[in-house]
Every structure is written in structure tokens, then in C-alpha cells.
Amino acid sequence: MLNITLKQAKVKFSEKPVLKAKDRGTRKALKSIGALVRTVARRSMKRRKPASLPGKPPRVIDGKLKKFLFFVVDGAESVTVGPVKLAETGTPAILEYGGVKRNRVRKAGRRTTQHIQVDARPYMGPAQETTSGKYAELFKNAFK
């Protein structure tokens with residue numbers, strides 16, 4: 001029987017490089033996931049004339065929503081994917097979840113506000129659901 005202690009083997013373990021490599025791999029996987037979800041969400045929005053039906057992704061009219069979809073990796077813990085808040089309109093959230101959109105219009109020289117009920121036209125939720133099966137594979141490839 002052979003017993004070897006750590007003192008005898010003179011093994012020195014430094015956890016810093018291991019943790020650094022783990023964080024690097026995790027960030028790489030999260031970037032891949034963010035890019036994948038963003039790409040699927042962008043591709044779901046088609047450029048066509050009539051408005052989309054409720055429950056379907058929104059149609060591209062001027063392309064701002066599609067153009068301003070981004071992802072951000074928060075450290076080595078999570079990734080946030082979604083549209084950038086361009087103004088106080090709340091349009092991306094109203095399209096995703098539904099709600100009331102307020103429009104300011106001029107009628108007979110007076111400014112009035114119209115309230116328009118918008119049914120949900122989700123684009124981020126379905127993109128996340130579509131890609132969720134590929135997350136494990138992306139993490140597995142990140143540590144090679």
C-alpha cells in the first residue's frame with residue numbers, strides 16, 4: 001500500500017486560473033446564447049405591409065425595433081436580451097405583452113391623446129423558447 005500526502009507530492013493548487021477559465025467559458029457561452037436569441041427574434045419579424053395578427057411577431061415597418069435588439073452579458077452570471085429603450089413610448093413592451101398605446105394627435109388645431117388597445121405580438125418570449133434546447137450544447141462547447 002502506498003500513501004502519499006500533499007506535503008510529499010509538493011503539489012501546489014492555485015484556484016485563480018481555474019476560476020478565471022471557468023468565468024471566461026461561461027461568458028463565451030452566455031454571449032453565444034444572447035446572440036442566438038437575438039438572431040431568432042430578429043428573423044421572426046418579417047417586412048410585409050399589413051400589420052401582424054395578434055399572437056404573431058410584429059411586422060417590420062421602419063426597422064427600428066429589429067435594428068435595436070441587443071444583448072448584454074452581466075459579468076459571468078446572466079445575459080439580458082431585448083430592445084433598447086429609445087424613448088418613453090413603451091412600444092416594445094406593449095408589442096410583447098399587449099396594452100394601451102397613447103398617441104398624441106392634432107385635431108382641428110388642438111392636441112388630443114388617443115388611446116389604442118394593442119393585443120400582444122410576442123417576439124422575445126418565443127425566441128427564448130425556441131432556443132432554450134440549445135443552451136446546454138453552447139455551454140458544453142464553451143469549455144473546450
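Helices (runs of H or I, at least four residues) and strands (runs of E, at least two) are DSSP runs, numbered from the N terminus. The model described here is predicted, so local features need pLDDT of at least 70, side-chain atom pairs count only at pLDDT 80 or more, and totals for chains, interfaces and linings use all residues. Residues are numbered from 1 along each chain as its sequence is written, and side-chain values use heavy atoms, with hydrogens and water left out.

Going by those runs, the protein chain has six helices and four strands, which come in the order α-α-α-β-β-α-β-β-α-α along the sequence. As for pLDDT (the predictor's confidence in each residue, from 0 to 100), the chain has a mean of 85, with 90% of its residues at 70 or more. Where pLDDT is low, the predicted coordinates should not be read in detail.

Next comes burial. A residue is called buried under 20% relative accessible area, exposed over 50%, and partly exposed in between (1.4 Å probe, protein chains only). On that scale, 21% of the 144 residues of the protein chain are buried.

The loop between β3 (99-107) and β4 (110-118) holds Ala108. This residue has a phi near 55°, a positive value in a residue other than glycine. Most residues other than glycine have a negative phi. Ala108 also counts as exposed because its relative accessible area is 83%.

Charged side chains are the last topic. A salt bridge (a side-chain nitrogen of Lys or Arg within 4 Å of a carboxyl oxygen of Asp or Glu) turns up two times in a search of the whole structure. One of these links Asp23 and Lys22, at 3.3 Å from N to O. Asp23 is partly exposed, at 27% relative accessible area, and Lys22 is partly exposed as well, at 41%. Glu137 and Lys140 form a salt bridge too, with their closest N and O atoms 3.8 Å apart. Both of these residues belong to helix α6 (residues 135-142), where they are three residues apart, or about one turn of the helix.
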